[in-house]
Amino acid sequence: SPSTAGPVLIPDESPVLPECPAALPETLQMIHPMTTDSWKTLIEQIGLLYQEYRDKSTLREIETRRLQDAQTDPEECSASEETPLEAEPTNTAESRTPPQISLLRNSTSRFNLWQDLPEIRSSGVLNILQPDEIKLQEAMFELVTSEASYYKSLNLLVSHFMENERLKKILHPSEAHILFSNVLDVMAVSERFLLDLEQRVEENIVISDVCDIVYQHTVNHFSVYVTYVSNQTYQERAYKQLLQDKTAFREVISQLEMDPKCKGLPFSSFLILPFQRITRLKLLVQNILKKVEEKSEKETTALEAHKELETVVKACNEGVRKMSRTEQMISIQKKLEFKIKSVPIISHSRWLLKQGELQQMNGPKTSRTLRTKKLFREIYLFLFNDLLVLCRQIPGDKYQVFDSAPRGLLRVEELEDQGQSLANVFILRLLENTDDREVSYMLKASSQSEMKRWMISLAPNRRTKFVSFTSRLLDCPQVQCVHPYVAQQPDELSLDLADVLNILDKTDDGWIFGERLHDQERGWFPTSMGEEILNPKIRSQNLKECFRVHKSDDSQRRKLGSRHRQ
């Protein structure tokens, strides 16, 4: 019984940890540990594959935010945070069409909540803990149970697909290597991580901390994720090629996908699990960070864990981009012919930001006339992160370069109220072109959104309609993503369900230029992918939480700023 159980001893941690878990309050040290059998039973009962778990979690997040957005009292907002999945939404929430909301209503595959555990119910601990402390327990518990769900899905990828004898006979070892990469290493790392998390939960049913474990594993083991994710471009290409070229492969994959174990999920959804998990893990630590006491040891540990995870996620993103960027630059180089002095295009630090056709106005600005038969002629732009190249398209899918300028020496200016013929027209100034002189081009885009997208890409420091996250203002128009979106162009932003973004600019023809709060990535996406957050208190709360999560980044920026000033 709780009265006879002794205090829980926390084992010595590795020296790489920023802090050992903070001691539990004296009243909670007497709570008995969760038995190993009890915990193992709970883990085995997690019926959701990680893909389902992740969908349910993000849909719950969307629903919670909708309920908060419909309320005006901040106390009501925080009270609704742990709304049960079966709760009926308010009329305001109902008026918005939720995506696949049936997932939330499926009672046969509920989340396991920490407060619903029999050991928690019978211990009386819910009467001791404050509501905020219970929310923190739930956030830490979700990190643990979601890792268990992820490990279950990884295990299925290996045992059901990778080790299938028929598939082994069809695939050449090199094809299997590209397709499955170092997934065995990733699974071994997940298993070790899960065992340490399980041990922590077994120590005491009131979890002392998990971010110290996250920190240790991120620093020492999570580099395997960078290797796996960097292979993604080749993996996707190999998979498409195998489906196209090998009928036997296509048939076996189709049969394996139909197995009830896969719950109707495609093979490709298993292949992208590691990238989804490492990104989600960072968000789960952010969620814990928002709930720990400010200036506490737990906050320090969570900030350290978050910082290390952010480094791994950035390395993963860079790994993917590097593979595709190199190939893209080689392809562009082959298409360019220089009418002017040749500019070397391929560089390890250069990548494409935007390319496309615009209409260039003929003649100088002063002599323009609408009676001219051909007022505009085609011009093709390649915009890189450090260079703009202006071309004319010529036969044979080639482009003849007639001017160029460093990206830092570009200025743009919008023409307003010029009538229909000059709608979506802007001036592009090259302060120093290929001949070392200043020139201007009057360019016309096909739509308002295309014009704004070009202007923001060409001059990224130009002021947007609304201010960015870094301005530190406590209100800004915001949207949450209710439909996932995959970027189609380099200046677009891929979105995951429940992402929250500041709106920096928007167009009348259905596009938003946004800045995602959790990583400050910017880009365009269709307005229909998001749902505006109307409650200013919720918008302000989202920004405050974001400032707190990126507290360590700010102090680093301030240090750099003072160093530059010196």
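Analyst: A residue is called buried under 20% relative accessible area, exposed over 50% and partly exposed in between, with a 1.4 Å probe and protein chains only. This is a predicted model, in which local features need pLDDT of at least 70 and side-chain atom pairs count only at pLDDT 80 or more, while totals for chains, interfaces and linings use all residues. Residues are numbered from 1 along each chain as its sequence is written, and side-chain values use heavy atoms, leaving out hydrogens and water.

User: How many residues of helix α12 are buried, and which helices do they pack against?

Analyst: Helices (H or I, at least four residues) and strands (E, at least two) are DSSP runs numbered from the N terminus. In α12 (residues 211–220), 8 of the 10 residues are buried, including D212, Y215 and H217. Contact means heavy atoms within 4.5 Å; the buried residues of α12 pack against α8 (131–162), α11 (183–203), α17 (273–291) and α18 (297–335).

User: Which residues have the most contacts inside the largest nonpolar core?

Analyst: A nonpolar core is a set of buried Ala, Val, Leu, Ile, Met, Phe, Trp, Tyr and Cys residues joined through side-chain atoms within 4.5 Å. The largest one has 76 residues, and W114, L143 and F180 have the most contacts inside it. Helix α8 gives the most to this core, with 15 residues. Another core, of 23 residues, lies apart from it and includes L388 and M451.

User: Why does M451 count as buried, and what does M451 touch?

Analyst: M451 counts as buried because its relative accessibility is 2%. Found in helix α19 (residues 448–458), M451 is in contact with E414, N424, V425, F426 and A445, leaving aside neighbours within four places in sequence. M451 and E414 are 37 residues apart in sequence, with their C-alpha atoms 8.8 Å apart.

User: In what order do the strands of the open sheet lie?

Analyst: Two strands pair if DSSP finds at least two bridges between them. Here 5 strands form an open antiparallel sheet in the order β12-β11-β10-β9-β13. Because β12 (522–526) and β13 (530–533) each have a single partner strand, one side of each is left without a neighbour in the sheet.
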